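Dear colleague,

Please find below the structure that I am handing over to you.

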There are 2 protein chains.
Amino acid sequence: MATHTVNHTQRLAAADKTFCDLSPSVASALEEVALTTTYPTGAVLFAEAQAPRGVFMVRRGRVKLSVCGCDGRTLILRIVQAGEVLGIASVVSGREYEATAETQEPCEISFIRQSDLMRLMRIDGELALWLTRHLSQDYSSTCREIRDLMLSDSASEKLARLLVGWLDHNAESKNPGQVKLAMTHEEIGQMIGTSRETVTRLFAGFKKQHLIQQNGSTLMIPNRVALESLITA
Amino acid sequence: MATHTVNHTQRLAAADKTFCDLSPSVASALEEVALTTTYPTGAVLFAEAQAPRGVFMVRRGRVKLSVCGCDGRTLILRIVQAGEVLGIASVVSGREYEATAETQEPCEISFIRQSDLMRLMRIDGELALWLTRHLSQDYSSTCREIRDLMLSDSASEKLARLLVGWLDHNAESKNPGQVKLAMTHEEIGQMIGTSRETVTRLFAGFKKQHLIQQNGSTLMIPNRVALESLITA
DNA sequence: TTCGAGCGGTGATTCAGATCACACATCGGT
DNA sequence: ACCGATGTGTGATCTGAATCACCGCTCGAA
């Protein structure tokens, strides 16, 4: 396994990034039982309704978290960034996974088996607390998601919300007011609960109103305020 | 405070119900710091966007958990039954409450301050684990909620889902296939994300198709299977 | 009793967005 | 260069549900 061939300094570097808020003893205990692997794009970490096997810590790359109805329609809950942990709720409660996790780009991900995690949680309250904090944040995002999706029937408002959210994520980057568009219109539709065609038309409309400019896969948002005025409508 | 006047046997009875899966020592530690109060109908335990003060354990009665958009529209996330704990996520993460909790009937509720809870969690991993389990279940319900709401555009499908869910809740009661209707059409609309009028029309339609019969505030569902066939549509 | 507020029921109208049906661009592979 | 796959752009059409406007009922308060 590639896991066991990475050298010690690499492991510590990765640990620093993911476990920065854990004490060294707990972090190393976790490292002991973690299986770190590199996944290609499109790999499915776990699927909705599967029995829980363990948690996945995203160390590098982005992962798509989605649910899908029996008829095939899909709703993307959120895009998980490096540093987050997936599957905590299912592992702790023992219920099946509520969503499907699929890599959107090559990812480095550490897997921790359910049994190992539960054992460590029991002997160390700090770890339990740490996981609970992560879970709380998942919960918060999910609540916000549901609120944004349901309490704005106009599709343009939802898209505006999504774009503003992206701006916030990129706020610290070198180019604020500018977003790399890493999703197809279809996927964007699945994030805001509309059809692909509607997304295309909305983008066209936004361009016409000079709310956005597109340049290849780069979106420029000249004045964020105008976009925000679509929200709350 | 009424809290301190309840006698010991009453406290143990209540504890049994809520803390049944906690060891006696942890349960009693919790009881020490819990403030148990009886709330009237319509009391607001906490409101969306408030800073977290602590968690609320519902010992008796039902609590409505909702979010609302700035325009005044409301979405009811779920009806919380006795035995559940509200506000865990906010207390642990320190973020503001994501929803508003309002009693739907006279309730007996124990409040535990954030500081007390965090202190106890730190010194006792079992409690942390217990809370995490509760939080996991909240998370699961919320995920299911979002999936059911978004992945079925037809309003009748959503209503059918809601009714079937109610049937499941009452499955263990003396009268299966029968539900006490404790909400207005308006509230039902807020649960499934439709207008009040649509709910009225849907009920009328369901009656016409003999999927339900109404008798005062009692709903009878003769054959659940027919209702379920509306789902998946 | 009367009044008024809240809830339930129903019609008429309207519209945002789903759906269908295309055409076109881009791109990687054989 | 060819091809298929995949993503995008755009019209025409249709429809489910929101919205508005109104009526009647019930129940509790004055």
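Chain A holds 9 helices and 11 strands (DSSP runs, H or I of at least four residues for helices and E of at least two for strands, numbered from the N terminus). This is a predicted model, in which local features need pLDDT of at least 70 and side-chain atom pairs count only at pLDDT 80 or more, while totals for chains, interfaces and linings use all residues. Residues are numbered from 1 along each chain as its sequence is written, and chains are lettered from A and ligands numbered from 1 in the order in which they are written.

The C-alpha atoms of chain A fill a box of roughly 55 × 40 × 30 Å along the principal axes. Of the 233 residues in chain A, 36% are buried (20 or more other C-beta atoms, placed from the backbone, within 10 Å of their own).

The contact between the chains takes 38 residues from chain A and 37 residues from chain B (C-beta atoms, placed from the backbone, within 7 Å). On the side of chain A that touches chain B, α5(A) gives the most, with 19 residues.

DNA strand D is surrounded by 16 residues, the closest being Thr184(A), His185(A), Thr194(B), Ser195(B) and Thr198(B) (a residue is near a strand if its C-beta atom, placed from the backbone, lies within 6 Å of it). The largest share of this surface, 5 residues, comes from α8(A).

Yours sincerely

Conventions
Contact = placed C-beta atoms within 7 Å. Buried ≥ 20, exposed ≤ 12 C-beta atoms within 10 Å, placed from the backbone.
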